[in-house]
Amino acid sequence: MWYHKPAINEELLQSLPNLKVVASSGVGIDHLDLKLLSSYGVKVANTPFIVSTDTADLGMALLLASSRRLVEGHEMAVSPDTEYFPADWLGVEVSGSTLGIVGMGTIGYKVAERAKAFEMKILYHNRNQRKKEEESAVGAVYCKKIDDLLQQSDFVLLAVNLTPQTRKLIGKRELELMKPTATLINISRGLVVDQDALVEALQNKVIRAAALDVTYPEPLPRDHPLLKLKNVIITPHIGSATKKTRWVMMEEMVESIEAGLAGLPIPREVL
């Protein structure tokens, strides 16, 4: 499966009585009904680890691009109407600022490693607290309550899986807890954020900006208000989109399929 296609529903499963394994690209499995697949005796595999480095890189790229207004700056620099560069056209500093990471799994931790190199203060919220030595290695401070992280962070980066518990995790209340100078960065899934509440928050300057690699739907309708806001950067869900990573993802999917067909243990099986 690439880009969640084909859709694995009961009709398809009934039409494929010999199906043994579904290999899905990437780490997210929110598009799969695991109970339904299991009821048909179909096993599931994904590619959870290879995507982590590139996705963390993109998270930092979005943070930097938003803070220094790179997209706006490029448009100004190449515009045929530009006659001079205004001296008061300013971004916000990254070094010394506070990054709040929601979801400190493999991707979130790799973001923290990169943020440490930028001399950022790091807070994180996770279901489980990391080991003390892991926290010390990146200088991260655990926030048991997400509210504490939201109130203190200059940048809030989302790196959680989409589950019933994280669906619209960031809504109107959470956005209002953030600093008016804060930026929201989402590299997880679009539905982790209440998009209507985000539009309102950006329009009313409840928060400063947003940088999104994910939305719902993807792509957004061409008349969607998020596409018209200057304080928003949107990329086309490219967290894992490098040549090397996509090649390895395909190799891992093929490996899982071959193992499933041979009746062997499936590497990276989703249990």
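The model examined here is predicted. Helix α10 spans residues 243-261 and has 19 residues. From its first C-alpha to its last, α10 reaches 27 Å, close to the 27 Å expected at 1.5 Å a residue. The buried residues of α10 are T245, V248, M249, E252, M253, S256, A259 and G260. Seen down the axis of the helix, these buried residues fall within an arc of 140°, so they line one face of α10. The elements that cover them include β1 (21-23), β2 (43-45) and α3 (52-67). After α10 comes G263, which has a positive phi, near 75°.

The largest nonpolar core has 29 residues. Within this core, the residues with the most contacts are L175, L184, L198 and L226. At least two core residues come from each of α7 (146-152), β6 (155-158), α9 (195-203) and β8 (209-212). Helix α9 gives the most to this core, with five residues. When residues up to four places away in sequence are not counted, L184 touches V156, L158, I170, L175, M178, V193, L198, I207, A209, A210 and A211.

The structure holds one aromatic pair. It is formed by Y124 and Y142, whose rings are tilted, with 5.2 Å from centre to centre and 50° between the planes. Y124 lies in strand β4 (residues 121-125) and Y142 in strand β5 (residues 140-142), so the pair ties together parts that are 18 residues apart in sequence. Y124 has 0% relative accessibility and therefore counts as buried.

Two domain annotations come from an unreviewed UniProt entry. UniProt places the feature "D-isomer specific 2-hydroxyacid dehydrogenase NAD-binding" at residues 60-239. In the model, the end C-alpha atoms of residues 60-239 lie 11 Å apart, and the span is 32% helix and 16% strand. The annotation "D-isomer specific 2-hydroxyacid dehydrogenase catalytic" covers residues 2-270 in the UniProt record. For residues 2-270, the end C-alpha atoms lie 17 Å apart, with 36% of the span in helix and 13% in strand.

How values were computed: Residues numbered from 1 in each chain as written. Predicted model: local features only at pLDDT ≥ 70, side-chain atom pairs only at ≥ 80, totals over all residues. Heavy atoms only, no water. UniProt positions renumbered as here; feature names shortened; annotations may be inferred. Helix = DSSP H or I, 4+ residues; strand = E, 2+ residues; numbered from the N terminus. Phe/Tyr/Trp six-rings, centres within 6.5 Å; stacked < 30°, edge-to-face > 60°. Buried < 20%, exposed > 50% of the residue type's maximum accessible area, 1.4 Å probe, protein only. Core = buried A, V, L, I, M, F, W, Y, C linked by side-chain atoms within 4.5 Å. Contact = heavy atoms within 4.5 Å. Expected span 1.5 Å × (residues − 1). Arc of directions from axis to C-beta.
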